[in-house]
Amino acid sequence: MAPYHIRKYQESDRTQVLDLFFHALDEYGPASFHHILKLPRTFVLLLGVSLGLLLVSGSWLLALIASPTLLTALRFLCKYPWTKFTAECLRTDMSNITKSYLSEPGSCFWVAEAEGQVVGIVGALPVKEHSLHKEQLELLHLCVALDHRRQGIAKALVRTVLQFACDQGYGQVVLTTSMLQHSALALYQRMGFQKLHQFSPLCWRLLTVPLVTFVYYLPSAQASWAHE
């Protein structure tokens, strides 16, 4: 296990950071596809379409072609939400990481570096809602390179965000992730994050992959509420 250290992002990290970010997101398309294949309704759909074509056309060839065609369409469908999310990030905060995360004191972006390579990233921004802007810090884009996982890097990055939030006077750290990210879900819950709510934007409903929001109440905020 190579030693690593966590530091603030530098502009020279940009290429490595984006490569890591893209590779991490590329994993979720296949994971979504495998998730859909396990659903009973997917089996019913594939079987129903094939049988329907056979009954209507009487052609076994069409019936046999139908399932691979549908599977190809489903594979494309599974990549769509992640592709859309990637494009949105590149259009907004990830287009200029220095400007988005390091231009104001209440936000930051960190990298985990091992042997001169960026092997993990995480960002933190105040929530956009004006009433919560100084109360909640949002944890974003937690990623660890595949061959550096299970080494405590993700946990260390999350702790870095929590310490930063505490130092900056925030009361809560919030994040949103998908139910497909089982390792991340387990990590957040072990570290004391609490599930706030679960929701499904339109493009995610097609995959039956709900998103979930977690919150971490910082000890300083909890002590303040108890005193009040």
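Is glutamate 88 buried, partly exposed or exposed, and what is its relative accessibility? Glutamate 88 counts as partly exposed, at 37% relative accessibility, where buried means under 20% relative accessible area, exposed means over 50%, and partly exposed lies in between, all with a 1.4 Å probe and the protein chains only.

## Basis of the model

This is a predicted model, in which local features need a pLDDT of at least 70 and side-chain atom pairs count only at pLDDT 80 or more, while totals for chains, interfaces and linings use all residues. Residues are numbered from 1 along each chain as its sequence is written, and side-chain values use heavy atoms, with hydrogens and water left out.

## Domains

The domain assignment of the protein gives domain 1, made of 4-11 + 97-217, and domain 2, made of 26-89; such bounds come from an automatic or database domain assignment. The C-alpha centres of domain 1 and domain 2 lie 32 Å apart.

## Salt bridges

The structure holds four salt bridges, a salt bridge being a side-chain nitrogen of Lys or Arg within 4 Å of a carboxyl oxygen of Asp or Glu. In one of them, glutamate 88 meets arginine 91, with 2.8 Å from N to O. Both residues belong to helix H4 (residues 60-91), and because they are three residues apart there, about one helical turn separates them; helices (H or I, at least four residues) and strands (E, at least two) are DSSP runs, numbered from the N terminus. Arginine 91 counts as exposed, at 58% relative accessibility.

A network of salt bridges links Arg7, Asp13 and Glu113. Aspartate 13 counts as buried at 4% relative accessibility, arginine 7 counts as buried at 16%, and glutamate 113 counts as buried at 17%.

## Residues with positive phi

Most residues other than glycine have a negative phi. Glutamate 115, although not a glycine, has a positive phi of about 55°, and it is found in the loop between strand E2 (108-114) and strand E3 (117-126). With a relative accessible area of 69%, glutamate 115 is exposed.

Histidine 141 is also a residue other than glycine with a positive phi, near 60°. Its place is in strand E4 (residues 136-144), and at 11% relative accessibility histidine 141 counts as buried.

## Helix H6 and the cysteines

Helix H6 has 16 residues and reaches 23 Å from its first C-alpha to its last, close to the 22 Å expected at 1.5 Å a residue, where the expected span is 1.5 Å times one less than the number of residues. The buried residues of H6 are Ile153, Ala156, Leu157, Val158, Val161, Leu162, Phe164 and Ala165. After H6 comes glycine 169, whose phi is positive, near 85°.

Cysteine 166 lies in helix H6 (residues 153-168) and counts as partly exposed, at 33% relative accessibility. The C-alpha atoms of cysteine 166 and leucine 218 are separated by 6.7 Å, although these residues are 52 residues apart along the chain. The structure holds zero disulfides, a disulfide being a pair of cysteine sulfur atoms within 2.5 Å. For cysteine 143, the closest cysteine sulfur is that of cysteine 89, at 9.4 Å, which is too far for a bond. Cysteine 143 counts as buried at 8% relative accessibility, and cysteine 78 is buried as well, with a relative accessible area of 0%.

## A nonpolar surface patch

Phe43, Val44, Leu47 and Leu51 make a nonpolar surface patch of about 390 Å². Patches are made of residues with over 30% relative accessible area and no salt bridge, with like charges joined within 9 Å and nonpolar side chains (Val, Leu, Ile, Met, Phe, Trp, Tyr) within 5 Å, and accessible areas come from the Shrake-Rupley method with a 1.4 Å probe, for which only the protein chains shown count as cover for residues. Leucine 51 has its place in helix H3 (residues 40-57) and is partly exposed, with a relative accessible area of 44%.
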